[in-house]
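Please look at the sequence and the 3D structure before reading on.

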Amino acid sequence: MNIVVHEDKKIFHLYNEKISYIMAVLPSGQMGQLYFGKRIHDREDFRYMLQFAYRPAGSSYFKGQLEYSLEHIRQEYPCYGMTDYRQPAVEVLQQNGSRISDFQYQGYEIMDGKPALDGLPATYTEEKEEAKTIKIILKDDLIKLKLELFYTIFREGGIIARSTKFTLEGTETVQLETAMSMSIDLPDADYEWIQLSGAWSRERYIKTRKLCQGIQSVGSLRGQSSHHHNPFVVLKRPTADERQGEVIGFSLIYSGNYLIQAEVDTYDTVRIMLGLHKEEFSWHLDPGESFQTPEAVMVYSDEGLGGMSRTFHRLYQKRLARGYWRDRPRPILLNNWEATYFNFTEEKLLTIAKKAKECGVELFVLDDGWFGARSDDTAGLGDWVANRERLPEGIKGISEKVEALGMKFGLWFEPEMVNEDSDLYRAHPDWILETPNRHRSHGRNQLVLDFSREEVVDAIYEMMAKILSESKVSYIKWDMNRSITECYSNAFPPYRQGEVFHRYILGVYSLYERLTQQFPEVLFESCASGGGRFDPGMLYYAPQCWTSDDSDGIERLKIQYGTSMCYPISSMGSHVSVTPNHQVFRNTPLHTRANVAYFGTFGYELDLAQLTPEEQEEVKKQIVFMKKYRQVFQFGTFYRLLSPFENNVTAWMVVSENQKTAIVGWYRVLNGVNLPFSRLKLEGLGADICYYNNQDNRHYYGDELMYAGMIIDDPMAGQAEYEKTLGDFNSKLYVLEAE
Ligand code: DGJ
């Protein structure tokens, strides 16, 4: 890994074993983009990659140089209006009403490692040798606005992390109206665009289309990254697939309003930009003030989607997630939500907990309904004090009783919200986000607290910290059950209202930071009505996230497969719930529900006492199995084998770091009859390692399993004696262990 600067040619070459990222100062002073892709040799002069051509009916930056138009030059952080007509990465409203700006190269600085981003989640290094960072400094001299572009190249993996910082050095205030985290112009548009889109209970479905001329984008204006579109996009060559070919993944480390956009011009170059959504955003800079954007991460892979995903998994698991739980196998939990909803007493909870303990569960989680006047979703949010009618000895009492059973205790919070029917709202009706004199909208009967205000965040911190200090809480599920409407803060002047959405998220991050620093051994799981805020920003604070409220095993195939495009297995909250399932009313067999949930953090979302004695025995075995293999599931290398978006059969696998253990999950939605022969080509095994296969009790070399394939036939389907095991929604887990 290195960053080479060819001073006389003003060329910057960032490279490691996998990739090269090359840029240059343009003749007109802005930063030009030359190359991002597979590693190439360094050389003195890459300027031949700056292509110019006279395009009739264009505008020229220099009088008489008709071939020099920024519209046709690939750039790093473009502005609108000085011959470039494409979408800009930055727009600055100035005192005279102009939005034209021009950032000219001033210099650079190279650092070992990677500087932290103030108040924002970001990837990091543990040793300085793991990465190098270059800061390119530019300036708009007319308005004295400094622009710093940060690029980090990591030693391992085809990764470039980028962010941008503005500092006003002049005396006249300006207003940033667009401030993207990054922009890159690629030389051709022969890509498919993959996005992860969906809705509540069907989050992160893979949607693919060909890039075409014009603008295509995903984003959120809901105040949360959303169920609807994830802040992640892939550009994939049409010939690339899961195992081979060129792909570039783009991911934004942010949890609020965002935009990821591709603009393909009519000469088929593509501009990709990621950052805070430019709608509903502006940021006022007084002299001397700075603005730091969130971080964006690009991953180039010539090993297909699988190679890209594994690079994101490693990076986000090891150098985005932090703290005590980052590398630790996660406790097997039981959450009472679907077992009781709001209808519980302490006695009932302890009965459920006792049974859970008997079956081997390690952590009992008390979900919504334990606080204030919360007996349904119309009251209580904001009052983070135990309801003594339900919990006579408070959280302290129940947490100690659960610990006495031999389990850890976890607790649900929804810190950002308040019900009108709550003591907090009655005391501070001005602490919510709402626009003066306008209609007030609701989501799940609740209002959103104004987390852009420090005193609001402080008050919530105090309530939560009190409970955590007084009780034995080892885990927190941090929920967020509505999007923001009528966003406006009473604490800021009119010209700062465009900052409120971002300030809100900064407030959320600051509360997370304080709690995780103060209570470092508490495991946090983020959640937003299921997977409405499953994003890299959250992973920095909470190493796992409730993937979806839809916990049916068959539904989860698509949800978890799509989520795995960017996010590691250790981040996916996945539980076994009852049948008929509460979301789709499907009767998925218990073994299939577990076979899917193993590929995640694993737990139960039901009252185990309601299962038959045989099912309870099965659960006990599942828990023993997960305890034995969770290190492999959660921290092994993950390979997708067959996609639920394309097949009736889904398959995926994990391989332990030393390649000695591999577990293959095979899932068939509908049964067939008299089926063809079939083999599954595995990945990531040691070619020379001989594995024992638990399904047929035979041995195979890794090369056989990878190149000839694992035999997965069951042509007997349709014969009466097999009916029981071979119905719809069937699955198998193949455990392969080196001799
Ligand atoms: C939404 C979450 O996704 C559920 O798991 C549960 O915690 C409910 N909220 C509680 O209100």
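## The largest pocket

The lining of the largest pocket has 14 nonpolar, 10 polar and 11 charged residues. In this count Ala, Val, Leu, Ile, Met, Phe, Trp, Tyr, Cys and Pro are nonpolar, Asp, Glu, Lys and Arg are charged, and the others, Gly among them, are polar. The structure is a predicted model, in which local features need pLDDT of at least 70 and side-chain atom pairs count only at pLDDT 80 or more, while totals for chains, interfaces and linings use all residues. Residues are numbered from 1 along each chain as its sequence is written, and side-chain values use heavy atoms, with hydrogens and water left out.

The volume of the largest pocket is about 680 Å³. Its lining has 35 residues, and Asp118, Gly119, Leu120, Gln292 and Leu506 are the closest to the centre. Helix α7 (500-518) is among the elements that supply at least two lining residues each, and the others are β8 (145-154), β9, β19 (290-292) and α6 (454-470). The most comes from α7, with eight residues. Helices (H or I, at least four residues) and strands (E, at least two) are DSSP runs, numbered from the N terminus.

Pockets and cavities are found on a 1 Å grid over the protein atoms alone: a cavity is a set of points where a 1.4 Å probe fits but cannot get out, a pocket is an open set with protein on both sides within 12 Å along at least five of seven lines, and lining residues have an atom within 4 Å of a point. Grid points are joined across faces, edges and corners, and a volume is the space filled by probe spheres set on the points.

## The ligand site

There are 13 residues around the ligand, and those that come nearest are Asp367, Asp368, Lys477, Asp479 and Asp549. A residue is near a molecule if one of its heavy atoms lies within 4 Å of it. By class, this shell has six charged, four nonpolar and three polar residues.

Which parts of the protein lie 2.8 Å from an oxygen atom of the ligand? One is a polar side-chain atom of arginine 444, and another is a backbone N or O atom of glycine 530. The protein buries 97% of the 290 Å² that the ligand exposes when taken alone. These areas come from the Shrake-Rupley method with a 1.4 Å probe.

## Cavities

The structure holds five cavities of 30 Å³ or more. The largest cavity contains about 100 Å³ of space. Of its 14 lining residues, Gln30, Gln75, Tyr77, Cys79 and Phe103 are the closest to the centre. The lining has 10 nonpolar, three polar and one charged residues.

The second largest cavity has a volume of about 70 Å³. Among the residues that line it are Tyr254, His277, Phe281 and His502.

Arginine 162 is part of strand β9 (residues 159-168). Is arginine 162 buried or exposed? Arginine 162 counts as buried because its relative accessibility is 1%; buried means under 20%, exposed over 50%, and partly exposed in between (1.4 Å probe, protein chains only). Its side chain reaches the backbone oxygen of serine 183 at 2.7 Å and the backbone oxygen of glutamate 76 at 3.1 Å.

Serine 28 sits in the loop between β3 (19-25) and β4 (31-38). At 4% relative accessibility, serine 28 also counts as buried.

Conventions: A polar contact is a pair of N or O atoms within 3.5 Å; within protein, one must be able to donate a hydrogen and the other to accept it, and residues adjacent in sequence count only if both atoms are side-chain atoms.
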